Amino acid sequence: MTADRGDDPHVHLLLGAYVLDALEAEESGPVARHLQRCGACAASYVEVVEALSLLALLNVDDLLE
Ligand SMILES: [Zn+2]
């Protein structure tokens with residue numbers, strides 16, 4: 001069990017959209033604040049960023065081979 005209360009949910013499911021800047025301001029604000037105090041979600045955020053960075057290195061020709 002975690003110490004999180006109902007009003008402080010983890011944000012793993014929002015991280016992809018957050019990284020892609022696809023969230024509304026009212027959603028991204030709480031995500032940013034959560035990342036500042038939750039090591040687990042911050043680590044997940046870094047993983048998402050790294051994964052997207054790797055994807056950005058691929059080009060279409062590589063994917064089609
Ligand atoms: Zn969290």
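Reader: Which element has the lowest mean pLDDT, and which the highest?
Author: This is a predicted model. Among the elements of the protein chain, helix H4 (residues 60–64) has the lowest mean pLDDT, 72. Helix H2 (residues 25–37) has the highest, 94.

Reader: And the mean pLDDT of the protein chain?
Author: The mean is 85, and 85% of the residues reach 70 or more.

Reader: What should I do where pLDDT is low?
Author: Where pLDDT is low, the predicted coordinates should not be read in detail.

Reader: OK. How many helices and strands are there?
Author: The protein chain has four helices and zero strands. From the N terminus on, the order of elements is α-α-α-α.

Reader: How do H1 and H3 sit, then? What angle do their axes make?
Author: The axes cross at roughly 40 degrees and come within 10 Å. H1 and H3 are therefore oblique to each other, since roughly parallel would need an angle under 35 degrees.

Reader: Which residues make the contact?
Author: From H1, the contact uses His-12, Leu-15, Gly-16 and Val-19. H3 brings Cys-41, Ser-44, Tyr-45, Val-48, Val-49 and Leu-52.

Reader: Is the crossing left-handed or right-handed?
Author: H1 passes H3 in a right-handed crossing.

Reader: Switching topic. Which residues form the largest nonpolar core?
Author: Val-11, Leu-15, Tyr-18, Cys-41 and Tyr-45, five residues in total. Helix H1 (12–19) and helix H3 (39–57) each supply at least two residues of this core.

Reader: What does Tyr-45 touch?
Author: Leaving out residues up to four places away in sequence, Tyr-45 touches Leu-15 and Leu-35.

Reader: What share of the residues is buried?
Author: Buried residues make up 9% of the 65 residues in the protein chain.

Reader: Now Asp-21. Where is it found?
Author: Asp-21 is in the loop between H1 and H2. Its phi is positive, about 60 degrees, although Asp-21 is not a glycine.

Reader: Buried or exposed?
Author: Asp-21 is exposed, because it has 7 other C-beta atoms within 10 Å and a residue with 12 or fewer counts as exposed.

Reader: And Ser-28?
Author: Ser-28 is found in helix H2. Ser-28 counts as partly exposed because it has 16 C-beta neighbours inside 10 Å.

Reader: What does Ser-28 touch?
Author: Tyr-18 and Leu-23, again not counting residues up to four places away in sequence.

Reader: How far is Ser-28 from Ala-17?
Author: Ser-28 and Ala-17 are 9.0 Å apart in space, C-alpha to C-alpha, and 11 residues apart in sequence.

Conventions: Residues are numbered from 1 along each chain as its sequence is written. This is a predicted model: local features need pLDDT of at least 70, side-chain atom pairs count only at pLDDT 80 or more; totals for chains, interfaces and linings use all residues. A nonpolar core is a set of buried Ala, Val, Leu, Ile, Met, Phe, Trp, Tyr and Cys residues joined through C-beta atoms within 7 Å. A residue is buried if 20 or more other C-beta atoms lie within 10 Å of its own, exposed if 12 or fewer, and partly exposed in between; C-beta atoms are placed from the backbone. Two residues are in contact if their C-beta atoms, placed from the backbone, lie within 7 Å. pLDDT is the predictor's confidence in each residue, from 0 to 100. Axes are lines fitted to C-alpha atoms, for helices over the stretch in contact, and angles run from 0 to 180 degrees between N-to-C directions. Angles under 35 degrees count as roughly parallel, over 145 as roughly antiparallel, 65 to 115 as roughly perpendicular and the rest as oblique. A crossing is left-handed if the near helix is turned anticlockwise from the far one by less than a right angle, and right-handed if clockwise.
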